[in-house]
Amino acid sequence: MGRLGDMYGKRRMLLISVAMLVTGSVVAALSSSLTPMIVGRAMQGLASGVIPLGISIMRDELPSEKLGTATAQMSASLGVGGALGLPAAALLAENTNWHNLFWVSAGLGLIVFGLVLRFVPESSVRSGGRFDVLGGVGLSAGLISLLLAISQGAGWGWTGGRTLGLFAFAIAVLLVWGWWERRTTEPLADLRTTARPQVLLTNLASMVFGFAMFAMSLVLPQLLQMPKATGFGLGQSMLASGLVMGPSGLVMLLTAPLSARISNTRGPKVTLMLGAVVVAAGYGFGSVLMGSVWELVLVSLLIGAGIGLAYGAMPALIMAAVPVSETAAANSFNTLMRSIGTSVSSAVAGVILAQLTINLGGYTLPSQTGFRVVLIIGAGAALSALAIASFIPARGVSGSVRGR
């Protein structure tokens with residue numbers, strides 16, 4: 001979607017993305033079996049280009065003095081929406097039919113579609129050219145194979161034929177894809193730009209940071225809802241768990257302007273590193289503070305603040321290193337790196353929680369040690385992102401290169 005936005009109009013692709021979200025939500029809401037649900041969810045996933053397209057429109061339309069804060073808030077909204085959606089989704093799931101979750105999503109999507117249509121201008125910055133169909137097919141095939149192996153490896157066995165075969169296929173396809181992208185004159189992703197140290201290291205840090213971010217969503221809700229009979233579970237309802245996680249989204253939203261301010265004065269590299277430190281501290285506290293609801297609220301707030309800082313800095317780092325004509329594609333690639341990190345996080349946490357278990361009333365449940373290990377790994381991932389970010393070349397903020 002980012003590449004298409006650069007070529008044919010970012011607002012147009014933004015509207016198409018939101019339309020896919022609405023359509024997918026309706027398909028899922030009407031589904032009563034697995035296959036249409038998967039189709040609906042896949043169509044919803046086509047809306048993932050909304051954030052990078054929105055950031056790109058801001059770069060084209062906003063004055064320099066407003067760009068940093070606006071893009072920081074837009075980037076942080078990726079986490080904000082997820083955090084604030086938890087209590088709302090829990091309320092609907094506990095009190096109404098689950099189909100209503102998707103009807104509400106469709107309704108909100110229609111509102112967003114109307115607002116974009118009314119208020120968002122079409123950017124005049126376009127790269128033109130032809131879409132790289134082979135590049136799109138190759139990247140999709142490689143990523144599907146990679147993420148399927150990661151997500152299903154624990155169930156199939158990490159040394160099983162299907163798992164190893166998918167990993168081998170993914171590596172082979174992505175290598176061929178990389179060769180093609182360097183050979184074609186109009187690539188899906190300009191790998192020469194992507195290979196620039198500032199872009200490459202920011203994407204690597206984003207992937208590791210995506211791993212760290214998702215660990216909170218995997219651990220805290222389970223700890224909150226685990227039965228008290230385990231000795232460490234807090235026995236909370238789904239709604240109560242959502243309310244505990246919700247405030248972290250507000251913190252992300254409030255932290256985004258601070259992220260922009262720090263980036264303007266010290267540079268987005270410093271902001272990203274600071275966010276990684278805060279997230280690592282949050283997970284460190286979480287590994288020892290898990291005995292009460294207020295402790296988990298504190299942990300989620302601290303991690304949310306770090307995510308708000310880091311996510312606000314990522315688009316600034318990307319935009320400072322790519323030309324205006326490639327803004328949407330470059331930001332989309334960065335979003336993809338975060339998504340790969342969250343997928344890996346889910347697989348790793350799943351393996352750990354499936355191995356470190358206790359038996360309660362004939363049921364096998366994750367142990368407190370398992371949760372603690374995942375939190376410690378989350379802290380380690382945040383510190384790894386800090387180490388990667390420390391090698392990013394010091395550059396100006398994104399606003400200084402808007403007109404490049």
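Thr-342 counts as buried, at 17% relative accessibility, where buried means under 20% relative accessible area, exposed over 50%, and partly exposed in between, with a 1.4 Å probe and protein chains only. The residue lies in helix 14; helices (H or I, at least four residues) and strands (E, at least two) are DSSP runs, numbered from the N terminus. The model is predicted, and local features need pLDDT of at least 70, side-chain atom pairs count only at pLDDT 80 or more, and totals for chains, interfaces and linings use all residues. Residues are numbered from 1 along each chain as its sequence is written, and side-chain values use heavy atoms, with hydrogens and water left out.

A polar atom of the Thr-342 side chain lies 2.7 Å from the backbone oxygen of Ser-339. This is a polar contact, defined as a pair of N or O atoms within 3.5 Å; within protein, one must be able to donate a hydrogen and the other to accept it, and residues adjacent in sequence count only if both atoms are side-chain atoms. Not counting residues up to four places away in sequence, Thr-342 also touches Gly-210, Phe-211, Met-213 and Phe-214, contact meaning heavy atoms within 4.5 Å.

Helix 14 also holds Gly-350. Gly-350 counts as partly exposed, at 34% relative accessibility. From Gly-350 to Gly-370 is 20 residues in sequence and 9.8 Å in space, C-alpha to C-alpha.

Strand 1 (residues 357–360) and strand 2 (residues 363–366) run antiparallel and are joined by four bridges; two strands pair if DSSP finds at least two bridges between them. Ile-358 stands opposite Leu-365 in strand 2. The hairpin of these strands has two residues between them, and Gly-361 takes a positive phi near 60° there.

Which residues have the most contacts inside the largest nonpolar core? They are Phe-209, Leu-272, Val-279, Tyr-283 and Ile-307, in a core of 49 residues. A nonpolar core is a set of buried Ala, Val, Leu, Ile, Met, Phe, Trp, Tyr and Cys residues joined through side-chain atoms within 4.5 Å. Two or more residues each come from helix 10 (197–225), helix 11 (238–266), helix 12 (268–286), helix 13 (293–319), helix 14 (327–355) and helix 15 (368–389). Helix 10 gives the largest share, 13 residues. Apart from this core lies another, of nine residues, among them Leu-139, Leu-143, Trp-177 and Ala-189.

Helix 12 has 19 residues and reaches 27 Å from its first C-alpha to its last, close to the 27 Å expected at 1.5 Å a residue; the expected span is 1.5 Å times one less than the number of residues. Its buried residues include Leu-272, Val-279 and Tyr-283. Among the elements that cover the buried residues of helix 12 are helix 10, helix 11, helix 13 and helix 15. Leaving aside neighbours within four places in sequence, Leu-272 is in contact with Ala-205, Ala-310, Ala-313, Met-314, Leu-317, Ala-389 and Ile-392.

Helix 4 (residues 50–61) has 12 residues and reaches 16 Å from its first C-alpha to its last, close to the 16 Å expected. Nine of the 12 residues are buried, so helix 4 is largely enclosed by the rest of the structure. Among these buried residues are Arg-59 and Asp-60.

Side chains of opposite charge can pair when their charged atoms come close. The count comes to three salt bridges, a salt bridge being a side-chain nitrogen of Lys or Arg within 4 Å of a carboxyl oxygen of Asp or Glu. Asp-6, Lys-10 and Asp-60 are linked in a network of salt bridges. Asp-6 pairs with Lys-10, their closest N and O atoms being 3.9 Å apart, and both residues are buried. Asp-60 forms a salt bridge with Lys-10 at 2.9 Å between the closest N and O atoms. Asp-60 lies in helix 4 and Lys-10 in helix 2 (residues 10–30), so the pair ties together parts that are 50 residues apart in sequence. The relative accessible area is 14% for Asp-60 and 1% for Lys-10.

Glu-186 and Arg-130 meet in a salt bridge at 3.8 Å, N to O. Glu-186 is in the loop between helix 8 (161–183) and helix 9 (191–194), and Arg-130 is in the loop between helix 6 (99–119) and helix 7 (133–156), 56 residues apart. Glu-186 is partly exposed at 27% relative accessibility, whereas Arg-130 is exposed, with a relative accessible area of 64%.
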